[in-house]
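Visitor: I am new to this structure and would like to learn how to read it, one feature at a time. Could you show me the general idea and then the case at hand?

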Amino acid sequence: MSHVFHRNLRATLPKAVSASGIHIVDQHGKQYIDACGGAAVSCLGHNHPSVLAAMQEQMHKLDYAHTSFFTTDVAEELAELMVANGPQNMRKVYMVSSGSEAIEAALKMARQYFLERGEFKRTQFIARRQSYHGNTLGALAVGGNAWRREPFQPLLMDATHIAPCYAYRNQREDESAHGYGQRLVAELESEIVRLGPDTVIAVCMEPVVGATLGAVAAVEGYFQGVRRVCDKYGVLLIADEIMCGMGRTGTLYALEQEGVEADLITVAKGLGGGYQAIGAVLVSEKVANVFSSGSGQFMHGHTYIGHPVACAAALEVQKVLMREELVTHCAEMGPYLRDSLHQAFDANPFVGDIRGRGLFQAIELVQSREDKKPFDPRFKLNARIRDAAMDLGLMVYAMGGTIDGRLGDHILLAPPFTVSPAQVQEIVDKLQQAVQLATSSIPLSTAA
Ligand code: PMP
């Protein structure tokens, strides 16, 4: 009997015993192709020799030093590199140990930014429905995933939610993509006005929505409109790039492709590439200046922030990305993955949409393409596909639809940036088989 409190206490999981490149091997020697990088984490694949060497060297030099007492070369170098490679307005990096911690830090930093400025009434956050920002209570509060949030009410702080930018389901037939985006921007503005503009701290959004929608980018002009409205009311923009950032969409930051700068950017997953638990908040000059000319102290902190070994791993991951030009490779392989998905699924009536950016691509499953009706979530089609894929030796990130039909099951692919064309083909072939197996097992007469 296992004494690990697993995510699912009834599931029997294989044991991962080793990993190399794009593969993970279980206790029976079975090999799985990691087509989702875990949860879009493993951007370099597994067992990269130079990252392992950098971690080892750091461990021998300095294992740990608490950030109340010391800074370290490795933290300084990582921050310097992230600022140099980041959006132009970014000046500082606050390091944490996970995505949720990055969001918590960003929310508190945004709140304290206004306290420093004497704007005490600003207490509210706006985020979007069908979003995910992490599992700690503050992150859950801004997250817009009802299934995750509801059991924990009323512990959650105040946050309000507006519509996601999800053209496949919500763009009306009589409006252009641009018009749809601007309708949503108008909704954001109405929400700020409804709450009272001087009470709103920040808007928190994923530039490309990962876990809850499956690689959904906004329509053109949407984020420019969001930025415009935030500026009009003095509201901060927090870009949650925990899943979509660090090169995953073909540029180091996903928001770069929208031509917009955020005030705070949260990153994690691809920052350490899975080699260590590390996340960070990139802090703009605008926000950093208010802290440095104000109290000079962010009222926050954790024991492991700026951990030297985690910083060494993240620093080397960033250097490998640069040395091997992997973000460019990711941008080039994205269309290849997308085309392969089209070849495999264009004739499949159950695949309603294929979308994404870079090596962040997803398919959404529907009962019929005409009305985009999702399968009944009780059949857990996504889990059936994931299980069928695991049997075939393929790891994919599978998420569920909603009972009200606002979202279908979807399968997200986020392979390491090092993936080869032959491996892309293998991934898509296996996914095609898994979808075939899973959809043929569903009794359509009982679907939603
Ligand atoms: N934000 C986004 C966009 C995420 O995808 C995730 C993780 N899936 C998180 C926050 C939370 O990150 P973590 O699991 O590292 O706490």
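Visitor: How far apart do the C-alpha centres of domain 1 and domain 2 lie?

Guide: In this predicted model, the C-alpha centres of domain 1 and domain 2 lie 26 Å apart. Domain 1 is made of two stretches, 16-34 and 325-446, while domain 2 covers 50-323.

Visitor: How many residues of each domain are in contact with the other?

Guide: The size of an interface is often given as the accessible area lost when the parts come together. Here the description is in residues instead: 23 residues of domain 1 are in contact with 21 residues of domain 2. On the side of domain 1 that touches domain 2, helix 12 (326-345), strand 13 (351-357), strand 14 and strand 17 each give two or more residues, and helix 12 gives the most, with five. Sorted by class, that side of domain 1 has 12 nonpolar, five polar and six charged residues.

Visitor: How should I read a sheet, and in what order do the strands of the seven-stranded one come?

Guide: Strands of a sheet pair through backbone hydrogen bonds, either parallel or antiparallel. The sheet of seven strands is open, with mixed pairing and the order 4-12-11-10-7-5-6. Strand 4 (90-96) and strand 6 (159-162) stand at its edges with a single partner strand each, so one side of each has no neighbour in the sheet. From one strand to the next, the twist averages 20°.

Visitor: Is strand 4 largely enclosed or largely open, and why?

Guide: Strand 4 is largely enclosed by the rest of the structure, because five of its seven residues are buried. Among the strands that helix 4 lies across are strand 4 and strand 12, and helix 4 runs at about 25° to strand 12.

Visitor: Which element gives the most to the shell around the ligand?

Guide: That element is helix 4 (residues 99-116), which gives three residues to the shell. There are 15 residues around the ligand, and those that come nearest are Gly99, Ser100, Gly134, Ile242 and Met243. By class, the shell divides into seven nonpolar, six polar and two charged residues.

Visitor: How is the four-stranded sheet arranged?

Guide: The four strands form an open sheet in the order 1-2-3-15, again with mixed pairing. Strand 1 (16-20) and strand 15 are at the edges with a single partner strand each, so one side of each is left without a neighbour in the sheet. Strand 2 (residues 23-26) runs antiparallel to strand 3 (residues 31-34), with three bridges between them, and Val25 has Gln31 in strand 3 as its bridge partner.

Visitor: Which residues of helix 13 are buried, and what covers them?

Guide: An α-helix has 3.6 residues a turn, so residues three or four places apart point the same way. In helix 13 (residues 381-391), the buried residues are Leu381, Asn382, Arg384, Ile385, Arg386, Ala388 and Ala389. Their cover includes strand 14 (360-365), strand 15 (394-395), strand 16 (397-399), strand 17 (410-413) and helix 14 (421-440). Helix 13 is followed by Gly393, which has a positive phi, near 85°.

Terms used:
Residues numbered from 1 in each chain as written. Predicted model: local features only at pLDDT ≥ 70, side-chain atom pairs only at ≥ 80, totals over all residues. Near = placed C-beta within 6 Å. Nonpolar A, V, L, I, M, F, W, Y, C, P; charged D, E, K, R; others polar. Buried ≥ 20, exposed ≤ 12 C-beta atoms within 10 Å, placed from the backbone. Contact = placed C-beta atoms within 7 Å. Pairing = 2+ DSSP bridges. Axes fitted to C-alpha atoms, helices over the stretch in contact; angles between N-to-C directions. Domains from an automatic or database assignment.
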